[in-house]
Amino acid sequence: KNGDVLSIDFVGTVDGEEFPGGKAEDYHLELGTGSFIPGFEEQLIGVSVEEETNVKVTFPESYGAKDLAGKNAVFKVKVREIRETTPSPIDDDLAKKAGMENLEALKKAISEEQSREYVNLARGRAKRLLLDRLFDKHNFDVPKKMVDNEFDIIWGQYEEQQKNKDDEEGLDDQKSEEEAKEEFQSIAMRRVQLGLLLAEIGRENNIQVSQDDINRAIMDEARKYPGQEETVLNHFKENPQAMESITAPLYEEKVVDFILELVDIKEKKVPLAKFIETLEKDKEKQETRVSSSKKPGTKKTATSKKQSRKGNPKPKTDKN
């Protein structure tokens, strides 16, 4: 039934022929999650352990593998095991299953993790406000080619997102292509201007990214892909653009940290609900800023290649 976790073996065929990625053994599937092709999970409801059944489905037209998109497929499925999910008592045994000594230690770990998340959200908000202020206070011409290149990146990402959406969803927020391009052109301009501005601040104050910083960031990225760490490390080692995608954000964060050290920041404790409400209002303001201003807001900035120099930051600006 829905909610059960099945261990299944399956082999998929199209026109009687197996296809890449259509076969697995001891695969754990929770019924009702919609993680498989539409119609697959529904046909396993009522199936018993050791029972075999043929599941007939049709790949969506928008399916990522073009050679399978829109085609009918048959999966021969055998159910090896059925597990029923039941609520666990919140006690020391639960904590030990989570790798903690006792329930008190588990609660403390969860509390600390949540605290870090909210601190990061607050820091991200301070950064957005800072970048908005910097952008509003500086207005200068930027090379058209840099803006065009940034726009091409944004537009490419947008098209990819639209391609992966269901057909009925259409364009993001029902925007016309012309409206979307106008908005992304403004965002591209902002990214380039802020990128050049932060690069100049970093250059004047000898702010640099150390090799240790880069190594830590690459290792953090590799840990996101268990079992493929070596492949990820080689990817960064052999791909300058991938390496730039690591060093540029690191540099940006260092410059932002440097500027925030010069700012008189007043911390204010607020209830969690109030903080979430503030973030929602920020999001609405940001969207209004994008749609109505010649200088729309955005979360990201593009940084230039000269930003990824190595060494320790040596700020020289007078903090007054």
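In the predicted model, the largest nonpolar core holds 24 residues, of which Leu 134, Leu 198, Ile 201, Val 255 and Ile 259 touch the most other members. A nonpolar core is a set of buried Ala, Val, Leu, Ile, Met, Phe, Trp, Tyr and Cys residues joined through side-chain atoms within 4.5 Å. Two or more residues come from each of α2 (103-137), α4 (177-204), α5, α6 (229-238) and α7. Helix α7 gives the most, with eight residues. Ile 259 touches Leu 130, Leu 134, Leu 198 and Ile 201, leaving aside residues up to four places away in sequence. Another core, of 21 residues, lies apart; among them are Val 14, Phe 40, Phe 59 and Val 77.

Helices α5 (residues 211-222) and α7 (residues 240-261) pack at about 120°, with axes 10 Å apart. Asp 213, Ile 214, Ala 217 and Ile 218 of α5 meet Met 243, Ile 246, Thr 247, Leu 250 and Lys 254 of α7 (contact means heavy atoms within 4.5 Å). By class, this contact has six nonpolar, one polar and two charged residues.

Ile 276 lies in helix α8 (residues 272-292). Its relative accessibility is 36%, so Ile 276 counts as partly exposed (buried is under 20% relative accessible area, exposed over 50%, with a 1.4 Å probe and protein chains only).

Residues are numbered from 1 along each chain; side-chain values use heavy atoms, without hydrogens or water. Local features need pLDDT of at least 70 and side-chain atom pairs pLDDT 80 or more, whereas totals for chains, interfaces and linings use all residues.

Methods: Axes fitted to C-alpha atoms, helices over the stretch in contact; angles between N-to-C directions. Helix = DSSP H or I, 4+ residues; strand = E, 2+ residues; numbered from the N terminus. Nonpolar A, V, L, I, M, F, W, Y, C, P; charged D, E, K, R; others polar.
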